[in-house]
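Hello,

Here is the structure for you to look through. My notes on it follow below.

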Amino acid sequence: MRFRAKIVDLACLNNFSRVVNTIARLAKTCTLRLTADKLYFILCDKVANGGVSMWCELCQGNFFDEFQMEGVAADHNEIYLELTPENLSRALKTAQSAKAVKIKLTNKHCPCLKVSVELPSLSSSSRIVTHDIPVKVIPRRLWNDFREPRVPDFDVSIYLPALKTMKSVVERMKNLSHSIVIEANLNGEMNLKIETDLVSVTTHFKNLGNPPWASEDGCQSSAQDRDLESMAEARIDIKKLQQLLAGQQVNPTKALCNIVSKRIVHFILLHEDVSLQYFIPALA
Amino acid sequence: MKCVIAGSNVRALGRAVHALSRIGDELYLEPTGSGLSLRAASPSRSAFASFLLAPLFFQLYQPGPPAAPPRCKVHMKSFLGVFRSLPALEKTVERCLLLLRPRASRLVLQLHCKYGITRTHNLAFQECERLQAVFDTQRCASSLCAPARVLAEAVVHFPQTLAEVTLAAGPGGRISLRSYVEDEAELGKAMVTELWLAPDEFQAVAVVPDSRITFCLKEFRGLLAFAEASNLPLTIHYDAPGRPAIFSLEDPLMEAHLVLATLLDPESSSQPPAANGISHAPAPSDDFADDLESYMIAMETESYGEDSGAPPSPTFPLRTPHPIESDPQEEEEEEEEDGAVPGTPPHKKFRSLFFGSVMTSGGPSPAPSQEVLAEDSDGEC
C-alpha cells in the first residue's frame with residue numbers, strides 16, 4: 001500500500017487547503033478514501049456524530065501535480081485511512097507560500113501521512129517543514145461502511161439562499177434555540193423557524209428556485225404530484241447546520257437541499273472541482 | 001525611585017511586560033545603577049525572564065538611594081493592565097512616569113496621553129527579596145544567534161497549544177526544531193512537526209554536534225514576540241539536556257534574558273557529571289553567596305532572615321539513570337540547575353533551574369529519600 005502526491009501550484013494548494021479546512025470544521029475524525037483518480041472525505045452516520053454523514057469528493061487531477069497510489073490489492077486499488085482533518089488543515093495552513101508540498105503515506109512507528117512543505121528562504125537551501133499526521137488504516141472488511149450515500153426519496157428539493165445570508169441568520173438563531181426547522185416547497189419558498197417558550201422567529205426566503213431533477217423511473221414521483229405550496233419540513237440540530245454554513249469558505253457554484261419531511265435534510269454543495277454532500281437527520 | 005519614559009520607549013516597555021507576563025504572575029522591579037530591572041519567574045521555577053532597561057532608555061532615571069535599593073513586586077495582571085493595548089499605547093501615550101511611594105506601598109504608573117489626558121494607576125506592591133536566577137552563558141557548550149524573524153517564521157509552523165519543542169543540531173550543521181511528544185501513548189495520536197533550518201540562516205552557529213535540548217515553547221514565544229517587534233537578533237545558549245537554556249537579546253538601551261529549564265533526557269547516556277547533582281562549582285564568591293540566599297528565599301513574600309537556617313537544599317533526582325550522590329559540601333552545590341525539582345508544567349520532569357530546591361506548593365512530592373528542608377510558606381497566589 002503506497003501513496004505519494006505533490007502539489008506545486010499555489011492556487012491548487014490554496015484550493016486544497018480550503019477544502020480541508022471545510023472538512024475540518026465538519027468532522028473531528030473522518031475517513032479519507034484514495035483511489036487512482038479521486039479523493040473522498042467520508043463521515044458515516046454513527047450515533048457519535050449525531051447521525052450526520054458527509055461525502056466529499058475531489059478529482060485528484062484538479063489539485064495534485066503528481067499522484068501515485070497503490071491500493072491494498074490489485075483488484076481493490078483503494079486506500080481507506082481514518083484521520084483527524086484538523087491536523088491536515090494545520091499542516092497546510094502555514095504552507096501557503098510553499099514551493100512544493102508533498103504528501104506521503106509512511107509507517108515508521110505507526111502509519112502516518114507525512115506532509116513535507118518546502119518553503120522559500122533567504123538562505124541557499126529551502127526550509128523544510130514536515131508534519132507527521134497519524135492515521136489508521138481501515139481494513140477492507142470495513143469498507144462497506146463507507147459507501148456513497150444514495151440521494152434520498154425527498155419531498156422537496158430547493159436551491160439554498162445566499163450562504164452568507166443563511167449563515168448570519170442561523171448564527172443569530174443559534175443563540176436562541178437548539179433546534180431549527182427548515183421548511184420549503186416546490187414554489188421556491190423556504191422558511192427557517194425557531195420556536196422557544198419566549199420567542200419564535202421565522203425568516204422567509206422567496207424565489208429560490210427548485211432544481212430540476214431528471215425524473216428517473218418513479219423515483220421522484222412523490223415530488224411530482226406534490227402541491228406547489230405545500231411545505232416539507234424537518235427539525236434539525238441548529239449547531240450542525242451552523243457548522244455546515246460556517247465551514248464554507250468559498251461560495252459554491254450550486255447549493256441546494258433535499259428535504260424528506262420529518263426525516264432528513266440532504267445538502268449538496270457543488271464547486272468547480274469539489275462536491276460536498278451533508279446529511280442532517282431530523283430530531284425526534 | 002522615579003523614572004520617566006518617553007515616546008516609543010513606552011511601547012517597548014509595554015512589550016517587555018507582555019513578554020514577562022507569559023512567564024509569571026508577579027513582576028519584580030529593581031532599580032539599579034545600571035538600569036531598571038524587570039523580572040518574572042514561573043511558579044514552578046522552571047522559567048525566569050529579566051529585562052534590564054539602561055538609564056539611557058529613560059528620559060529621567062532616578063533609581064533612589066543605592067544603599068537601600070527598593071525591591072518590590074506587583075501583580076503581573078495589574079501592571080499588564082496598564083499596558084494591555086499596545087496599539088493604544090502607540091497612538092495616545094506620550095510619556096510614562098514610574099514612581100515608587102514606599103510609605104503608601106504604592107507603585108505609581110502615570111501615563112501622560114494626548115489631548116492633556118493623564119491616567120494614573122496606583123499599584124500595590126510588596127517588598128521582596130531579589131529574584132535572581134543564576135546562569136552563565138559561558139558555561140554553555142552550544143550557542144546560536146539568529147534574527148528574530150527567522151525564529152518567528154520557524155515557530156509559526158507549530159500549533160499554539162504545543163507545550164514543548166526540541167531544538168537539535170543535526171547533520172550538515174543544520175538546526176532542527178521538532179515538537180516534543182511527551183509519552184508513548186501520544187505518539188500514535190499527536191501530529192509531530194519538524195522544521196530544518198540551514199546554518200546560513202543564522203548569524204552565528206557554534207553547537208556541539210548531535211546536541212539537543214527540549215524546552216517550553218509557550219514561554220519562549222513571549223520573548224520571541226518581543227524580539228520580532230524590536231527587530232533584534234536572538235542568541236540561544238544551551239548545554240546538556242537538563243541544564244537551562246538561555247535566550248538573550250540586547251541593544252544599547254536594553255538587555256533581556258529568558259532562562260528556561262530543559263528536559264532531562266532519559267535516553268541520553270552521556271550525562272555530564274554535573275547533571276548528576278554534584279557540581280564542581282568554583283568557591284563561592286560574595287555575589288554568589290548573595291544569590292545563594294536568594295535561592296533559599298526565592299521570592300516568597302515574607303523575607304526570611306539572613307540565616308534562614310535551612311542548609312542549601314539537596315537535589316531531587318528525576319528521571320536520571322544515575323543515582324544522585326549527595327555532597328557534604330553543600331555550599332558548592334548551589335549551582336545553576338542543581339535542584340531538580342519536579343517543575344512546571346505538571347507531569348513534566350524538568351530540572352528546576354537555579355532557584356535551588358524550594359518546593360513550590362503545586363509540585364509533586366519529592367523522592368522519598370529526600371526531605372523537604374525549606375517549606376514553601378508563601379500563602380499567596
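A:Gln248 sits in the loop of chain A that runs between α5 (238-246) and β16 (254-260). Keep in mind that this is a predicted model.

Is A:Gln248 buried or exposed? Buried: its relative accessibility is 14%, and the cut-off for buried is under 20%. A polar atom of its side chain lies 3.4 Å from the backbone oxygen of A:Leu244.

α5(A) is mostly covered, with seven of its nine residues buried. A:Leu244 is one of the buried residues, and so are A:Lys240 and A:Gln242. The N-terminal end of α5(A) is capped by A:Asp237. There, a side-chain oxygen lies 2.8 Å from the backbone nitrogen of A:Lys239.

Now chain B. It has an open sheet of five strands, paired antiparallel, in the order β5-β1-β7-β8-β9. β5 (60-62) and β9 (118-124) of chain B stand at the edges. Each has a single partner strand, so one side of each lacks a neighbour in the sheet. From one strand to the next, the twist averages 15 degrees.

Within this sheet, β1 (residues 2-6) and β7 (residues 93-101) of chain B are joined by five bridges. B:Ala6 has B:Arg95 as its bridge partner in β7(B). Helix α1 (residues 8-21) of chain B packs on the sheet and touches β1 and β7 of chain B. The helix direction makes about 110 degrees with that of β1(B).

Best wishes

Conventions
Residues are numbered from 1 along each chain as its sequence is written. Chains are lettered from A and ligands numbered from 1 in the order in which they are written. This is a predicted model: local features need pLDDT of at least 70, side-chain atom pairs count only at pLDDT 80 or more; totals for chains, interfaces and linings use all residues. Side-chain values use heavy atoms; hydrogens and water are left out. Helices (H or I, at least four residues) and strands (E, at least two) are DSSP runs, numbered from the N terminus. Buried means under 20% relative accessible area, exposed over 50%, partly exposed in between (1.4 Å probe, protein chains only). A polar contact is a pair of N or O atoms within 3.5 Å; within protein, one must be able to donate a hydrogen and the other to accept it, and residues adjacent in sequence count only if both atoms are side-chain atoms. Two strands pair if DSSP finds at least two bridges between them. Axes are lines fitted to C-alpha atoms, for helices over the stretch in contact, and angles run from 0 to 180 degrees between N-to-C directions. Contact means heavy atoms within 4.5 Å.
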